[in-house]
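Thanks for coming. I will go through one chain this morning, from overall make-up down to single residues. Please have the viewer open.

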Amino acid sequence: MNKNLLKQIQSLPASQKQEFLELLEEYEQSALALEQFKSEVRGYIRDFPELNRLVTGEESSDRMIQYCVFLALDEYNTTPPLTSNTVSDFPSRVILLQLTVIHLLTSVGILKSRNRFVYNDGGFSVQTEQQDSTYLQWISLLRSQVEPKLTRLKVALNISGGYGAALPSEYTW
């Protein structure tokens with residue numbers, strides 16, 4: 001933290017100072033969790049310069065991975081029952097990972113489809129970016145794996161959230 005910010009924090013009343021420091025710590029933990037998760041995503045899809053033979057460097061930037069993490073969180077949180085989970089409190093690492101990769105592969109697949117080019121001349125044919133159909137297959141596979149998990153998790157959370165509700169029952173303890 002810079003010196004001006006520290007001076008401003010010190011001038012706050014004790015209760016506000018404590019609240020601010022707690023929020024700051026929570027923010028730093030969330031940022032650290034997001035950075036760690038982006039590394040996990042990159043590791044899962046094995047997107048490293050030394051492993052990419054046809055792409056120079058990494059295929060997906062950290063910024064794109066982060067954007068896809070936010071898309072995955074949004075997809076999960078807006079699937080009923082509505083939630084407001086973040087990376088640091090997400091109930092299932094594998095569901096978040098798979099949703100993120102689905103969004104990432106969709107983005108890359110769209111780019112590959114847009115850049116697809118076929119050239120024919122005298123029986124000689126060249127085709128670039130023909131992997132877009134392979135990306136579709138990976139997306140379909142991951143989607144078919146994650147959808148049942150997502151549904152089961154949401155149902156389980158919904159049921160567990162219903163216990164202890166204000167509705168009386170003769171079956172409660």
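**Confidence, fold, core and loops**

pLDDT here is the predictor's confidence in each residue, on a scale from 0 to 100. For the chain, the mean pLDDT is 84, with 86% of residues at 70 or more.

Two sentences on conventions. This is a predicted model, in which local features need pLDDT of at least 70 and side-chain atom pairs count only at pLDDT 80 or more, while totals for chains, interfaces and linings use all residues. Residues are numbered from 1 along each chain as its sequence is written, and side-chain values use heavy atoms, with hydrogens and water left out.

Now the fold. The chain has five helices and two strands, in the order α-α-α-α-β-β-α along the sequence. Helices (H or I, at least four residues) and strands (E, at least two) are DSSP runs, numbered from the N terminus.

On burial, 26% of the 173 residues in the chain are buried. Buried means under 20% relative accessible area, exposed means over 50%, and partly exposed is in between, with a 1.4 Å probe and protein chains only.

Which residues touch the most other members of the largest nonpolar core? They are Phe37, Val41, Val69, Val87, Ile95 and Leu96, out of 27 residues in that core. At least two core residues come from each of helix 2 (14-45), helix 3, helix 4 and helix 5. Helix 4 supplies the largest share, nine residues. A nonpolar core, as used here, is a set of buried Ala, Val, Leu, Ile, Met, Phe, Trp, Tyr and Cys residues joined through side-chain atoms within 4.5 Å.

Next, helix packing. The axes of helix 4 (residues 93-114) and helix 5 (residues 132-162) come within 9 Å and cross at roughly 155°. The two helices are therefore roughly antiparallel to each other. By class, their contact has 14 nonpolar, six polar and four charged residues.

The cut-offs, for the record. Axes are lines fitted to C-alpha atoms, for helices over the stretch in contact, and angles run from 0 to 180 degrees between N-to-C directions. Angles under 35 degrees count as roughly parallel, over 145 as roughly antiparallel, 65 to 115 as roughly perpendicular, and the rest as oblique. Ala, Val, Leu, Ile, Met, Phe, Trp, Tyr, Cys and Pro count as nonpolar, Asp, Glu, Lys and Arg as charged, and the others, Gly among them, as polar.

Now the loops. In the one between helix 2 and helix 3 sits Arg46, where phi is near 55°, a positive value in a residue other than glycine. The loop between helix 3 and helix 4 holds Pro81, and the peptide bond from Pro80 to Pro81 is cis, with omega near -5°.

Is Ser92 buried or exposed? Ser92, in the loop between helix 3 and helix 4, is buried, with a relative accessible area of 14%. Its C-alpha atom is 9.4 Å from that of Lys149, 57 residues apart along the chain.

Asn115 lies in the loop between helix 4 and strand 1 (117-121) and counts as partly exposed at 38% relative accessibility. From Asn115 to Asp132, 17 residues apart along the chain, the C-alpha separation is 9.7 Å.

Last, Asp74 in helix 3 is partly exposed, at 46% relative accessible area. Asp74 and Asn85 are 11 residues apart in sequence and 8.9 Å apart in space, C-alpha to C-alpha.
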